[in-house]
Amino acid sequence: MRRFVILPGIGGSGERHWQTLWERCDPAMRRFRPASWDAPVLGQWIVALDEAVGEAGPSCILVAHSLACLLVANWSARSSLAAAGAFLVSVPNPQSAAFPTSAAASFTTVPAAPLRFPTRIVASGNDPFGSVIYQRRCAEQWGSRFIELSALGHINAASGLGDWPEGLHLLREFAEEIERVGAVPPAKGERLA
């Protein structure tokens, strides 16, 4: 059974967040456990991700939201462990006015190198934490397939998505592609209505 490592952003994704709802419904999904959800330190989060991937195994898929997307990019550059892929939702821009710079200062440097595994970035057309232009640039730098959805805000609990069936469909499709071909080649951006 393929495992999924759930990587919430700052605050840990609350009770109504799609990550929490997915995790409750699927025993293959397990949340990583950093030292602090509210005062994130990149080095500590990388250690926690190493531990989670070590437990889940190299065939796991990382499911990251917001700040955790920046964690995945840094982890790819620093860790020797492997993952089968990463599903990255709502990549935040550390230069945006909405970014919690004081709480997440160690996350402000974002690697530009391609990630070591297949990735898919899912962006909202009106995300206050990261514009479509910024997230598309991340996709190009990281070698990620890019999907732009309609206006869903930060694709979080405040977006009113519940268990976000569209996102789960995109994740399952990504996992099937990895299973089928062993890797998902980067593709030009696509837009979903």
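Where is the place of serine 90? Serine 90 is in the loop between S4 and S5, where helices (H or I, at least four residues) and strands (E, at least two) are DSSP runs numbered from the N terminus.

## Basis of the description

The model is predicted, so that local features need pLDDT of at least 70 and side-chain atom pairs count only at pLDDT 80 or more, while totals for chains, interfaces and linings use all residues. Residues are numbered from 1 along each chain as its sequence is written, and side-chain values use heavy atoms, with hydrogens and water left out.

## Serines with positive phi

Serine 90 has a phi near 65°, a positive value in a residue other than glycine. With a relative accessible area of 0%, serine 90 is buried; the term buried means under 20% relative accessible area, exposed over 50%, and partly exposed in between (1.4 Å probe, protein chains only).

Serine 13 is placed in the loop between S1 and H1. Its phi is near 55°, again positive in a residue other than glycine, and serine 13 counts as buried at 12% relative accessibility.

## Aromatic pairs

A pair of aromatic rings is described by the distance of the centres and the angle of the planes. The whole structure contains nine aromatic pairs. Rings of Phe, Tyr and Trp (its six-membered ring) pair if their centres lie within 6.5 Å; planes under 30 degrees apart count as stacked, over 60 as edge-to-face and the rest as tilted. Among the pairs is a stacked one formed by tryptophan 22 and tryptophan 164, with 6.0 Å centre to centre and 5° between the planes. Tryptophan 22 lies in helix H1 (residues 18-25) and tryptophan 164 in the loop between strand S6 (145-149) and helix H5 (165-181), so the pair ties together parts that are 142 residues apart in sequence. Tryptophan 22 and tryptophan 164 are both buried.

Tryptophan 45 and phenylalanine 107 form an edge-to-face pair, with 5.4 Å centre to centre and 80° between the planes. Because tryptophan 45 lies in helix H2 (residues 42-56) and phenylalanine 107 in the loop between strand S4 (85-89) and strand S5 (119-124), this pair ties together parts that are 62 residues apart in sequence. Both of these residues are buried. One aromatic cluster is formed by Phe32, Trp37, Trp45 and Phe107. Elsewhere, arginine 116 lies over the face of tryptophan 75, at 5.6 Å from the ring centre; a charge sits over a ring if NZ of Lys or CZ of Arg is within 6 Å of the ring centre and within 35 degrees of the ring normal.

## Packing of helix H1

The buried residues in H1 are Trp18, Gln19, Thr20, Trp22 and Glu23. They pack against strand S1 (4-7), strand S2 (29-31), strand S3 (61-65), S4 and H5, where contact means heavy atoms within 4.5 Å.

Six of the six residues of S5 are buried. Both faces of the strand are covered, with Thr119, Ile121 and Ala123 on one side and Arg120, Val122 and Ser124 on the other.

Two strands pair if DSSP finds at least two bridges between them. S4 and S5 pair in the parallel sense over four bridges, and arginine 120 in S5 is the bridge partner of phenylalanine 87. S5 and S6 also pair in the parallel sense, over five bridges, with valine 122 opposite isoleucine 147 in S6. From S5 the chain crosses through helix H4 (residues 132-142) to S6 in a right-handed β-α-β crossover. The crossover is right-handed if, with the strands pointing away from the viewer, the path from the first strand over the helix to the second runs clockwise.

Serine 124 is located in strand S5 and counts as buried at 0% relative accessibility. Its side chain makes a polar contact with the side chain of asparagine 126 (2.9 Å). A polar contact is a pair of N or O atoms within 3.5 Å; within protein, one must be able to donate a hydrogen and the other to accept it, and residues adjacent in sequence count only if both atoms are side-chain atoms. The side chain of serine 124 also reaches the backbone oxygen of glycine 153 at 2.9 Å.

Glutamine 135 lies in helix H4 and, at 0% relative accessibility, counts as buried. The side chain of glutamine 135 reaches the backbone nitrogen of valine 91 at 3.0 Å. Leaving aside neighbours within four places in sequence, residues in contact with glutamine 135 include Ser90, Val91, Ile121 and Phe146.
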